Amino acid sequence: MLPLLRCVPRALGFGVAGLRSAAPSQPLRQLLQLAPRPCSRPFGLLSVHAGSARGPGLLRARGPCGCGCGALHTEGDKAFAEFLSDEIKEEKKIQKHKSLPKMSGGWELEVKGTEATLVRKVAGEKVTVTFNINNSIPPTLDGEEEPSQGQKAEEQEPELMSTPNFVVEVTKNDGKKALVLDCHYPEDEVGQEEEDESDIFAIREVSFQSTGESDWKDTNYTLNTDSLDWALYDHLMDFLADRGVDNTFADELVELSTALEHQEYITFLEDLKSFVKSQ
């Protein structure tokens, strides 16, 4: 029995060595690590408080507070709520539109959360434009604009614009099909002022969809404009312009989407503050 017991540590050693040899190599561990994501929204107060020293008590787990509510209240939650209060005040200071701006051209607006729908009826046709503000702010690249000396922190931050993709749906009265045009704002055209009046938006895809279907079918033929004849593309752009979807509309859509995105962002901060406080 004693020789058998002496063999147990040796067997365990061989097993551990085998596990070490089967462990993932360093390149695999690097692949499993999360890649950093750029932040598209600069926080005005975050740059001020990010470098402040953290007290050791912020990272220490605490039990329910003594107020009798049974909720968890930590020093970190308190600091977080105070930061959110200051951030909400700053965002409301720079908010341009207290209410959503109106679109010219007789468009009727309907908003459901982050999705907005514009409807316009023209001579027996119904034109519907739908867009969503989520992920509509292009990421801010480092080094795009060098702040000049003497500028305040607020003046150094670039103005954020919401440039969402939008879908134009044109239907005829008593029509069974709808012409659907998927449009977007090219990054190199947004905010550029040129002498020639170039289009600030572009058509990406065109397809026909059934008006009776709630969901669009991927089996329907979709025309991609990347390899499209320019004459046909120009006619499609003129087709949209005749129905009120032109550069003026695209400019006003950016203003509307930016106001809606900022409004939803402030609401999100307020909800986050209430959630953190949970009182």
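**View 1. The hairpin of β1 and β2 in the predicted model.** Strands β1 and β2 form a hairpin in which 2 residues lie between them, and Gly113, placed in the turn, has a positive phi of about 65°. The two strands, β1 covering residues 108-112 and β2 covering residues 115-122, pair in the antiparallel sense over 5 bridges. Within this pairing, Glu110 stands opposite Thr117, a residue of β2.

**View 2. The hairpin of β2 and β3.** Strand β2 also forms a hairpin with β3, again with 2 residues between the strands, and here Ala123 in the turn has a positive phi of about 45°. The strands run antiparallel, and 8 bridges join β2 to β3, which comprises residues 125-132. Glu115 stands opposite Asn132, which belongs to β3.

**View 3. A negative surface patch with Asp229 as one of its members.** The patch is formed by Asp199, Asp229, Asp234, Asp238 and Asp242. Asp229 is placed in the loop that lies between β7 (222-224) and α6 (230-241).

View 4. The chain has 279 residues, of which 27% count as buried.

Technical notes:
Residues are numbered from 1 along each chain as its sequence is written. This is a predicted model: local features need pLDDT of at least 70, side-chain atom pairs count only at pLDDT 80 or more; totals for chains, interfaces and linings use all residues. Side-chain values use heavy atoms; hydrogens and water are left out. Patches are made of residues with over 30% relative accessible area and no salt bridge: like charges are joined within 9 Å, nonpolar side chains (Val, Leu, Ile, Met, Phe, Trp, Tyr) within 5 Å. Accessible areas come from the Shrake-Rupley method with a 1.4 Å probe; for residues, only the protein chains shown count as cover. A salt bridge is a side-chain nitrogen of Lys or Arg within 4 Å of a carboxyl oxygen of Asp or Glu. Lys and Arg count as positive and Asp and Glu as negative; His and the chain ends are not counted. The place of a charge is taken as NZ of Lys, CZ of Arg, CG of Asp or CD of Glu. Helices (H or I, at least four residues) and strands (E, at least two) are DSSP runs, numbered from the N terminus. Two strands pair if DSSP finds at least two bridges between them. Buried means under 20% relative accessible area, exposed over 50%, partly exposed in between (1.4 Å probe, protein chains only).
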